[in-house]
Amino acid sequence: MTPSAACSIEPASLDFGAVSTGASRDLTFVIRNLGGVSISGTVAAECAGFSIVSGGGAFVLEPEQNRTVVIRFQPTGVGPATCAVSVSDVCQSVRCDGRGEAPPACELVPASLSYGEVTIGESRSLSFQVRN
């Protein structure tokens, strides 16, 4: 029996959720060669707001080898964004979804305060900053 090509992408899609404009989020997928022959391809993302951090470009995977790819979503505006990251003829594309959000108007630093245990009748002061 002649060995065949077989590929697995895990996960099959990436959901970046909400990301503020001016910020970014990185997520990872893995290409696995599950077949009995080598597979080759080119990992490419040509969509606004999405880029390949590592693992992009041309590749060859021998049987049982894998390749990790890191995708960055850095929204170019407010609203939904979608990209299909191409991999090879043997493997399906990886769907990427994200949503650009306007950055917050102000920021509290730290984001939360922990007073710990305070005895009745006593007080504890903590401070925070409001940044614009």
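**Strand pairing, core and aromatic cluster**

Strands β3 (residues 25-33) and β7 (residues 66-73) run antiparallel and are joined by eight bridges. Strands are DSSP runs (E, at least two residues), numbered from the N terminus. Within this pairing, D26 stands opposite R72 in β7. The model is predicted: local features need pLDDT of at least 70, side-chain atom pairs count only at pLDDT 80 or more, and totals for chains, interfaces and linings use all residues. Residues are numbered from 1 along each chain as its sequence is written, and side-chain values use heavy atoms, with hydrogens and water left out.

An open sheet is formed by four strands in the order β1-β3-β7-β5, with antiparallel pairing. Its edge strands, β1 and β5 (50-54), each pair on one side only. Neighbouring strands are turned by 30° against each other on average, direction ignored. Here, two strands pair if DSSP finds at least two bridges between them. Axes are lines fitted to C-alpha atoms, and angles run from 0 to 180 degrees between N-to-C directions.

S8 is found in β1 (residues 7-10). With a relative accessible area of 13%, S8 is buried (under 20% relative accessible area; exposed is over 50%, partly exposed in between; 1.4 Å probe, protein chains only). The side chain of S8 makes a polar contact with the side chain of E10 (3.3 Å). Such a contact is a pair of N or O atoms within 3.5 Å; within protein, one must be able to donate a hydrogen and the other to accept it, and residues adjacent in sequence count only if both atoms are side-chain atoms. Leaving aside residues up to four places away in sequence, S8 touches V30, I31, R32 and L34 (heavy atoms within 4.5 Å).

The largest nonpolar core has 23 residues. A core of this kind is a set of buried Ala, Val, Leu, Ile, Met, Phe, Trp, Tyr and Cys residues joined through side-chain atoms within 4.5 Å. F29, I31, I71, V85 and C96 have the most contacts inside this core.

F16, F50 and F73 form one aromatic cluster. Rings of Phe, Tyr and Trp (its six-membered ring) pair if their centres lie within 6.5 Å; planes under 30 degrees apart count as stacked, over 60 as edge-to-face and the rest as tilted. The count comes to three aromatic pairs. F16 and F73 form a tilted pair, 5.7 Å centre to centre, with 50° between the planes. F16 lies in β2 and F73 in β7, so this pair ties together parts 57 residues apart in sequence. The rings of F50 and F73 are stacked, with centres 4.8 Å apart and planes at 25°.
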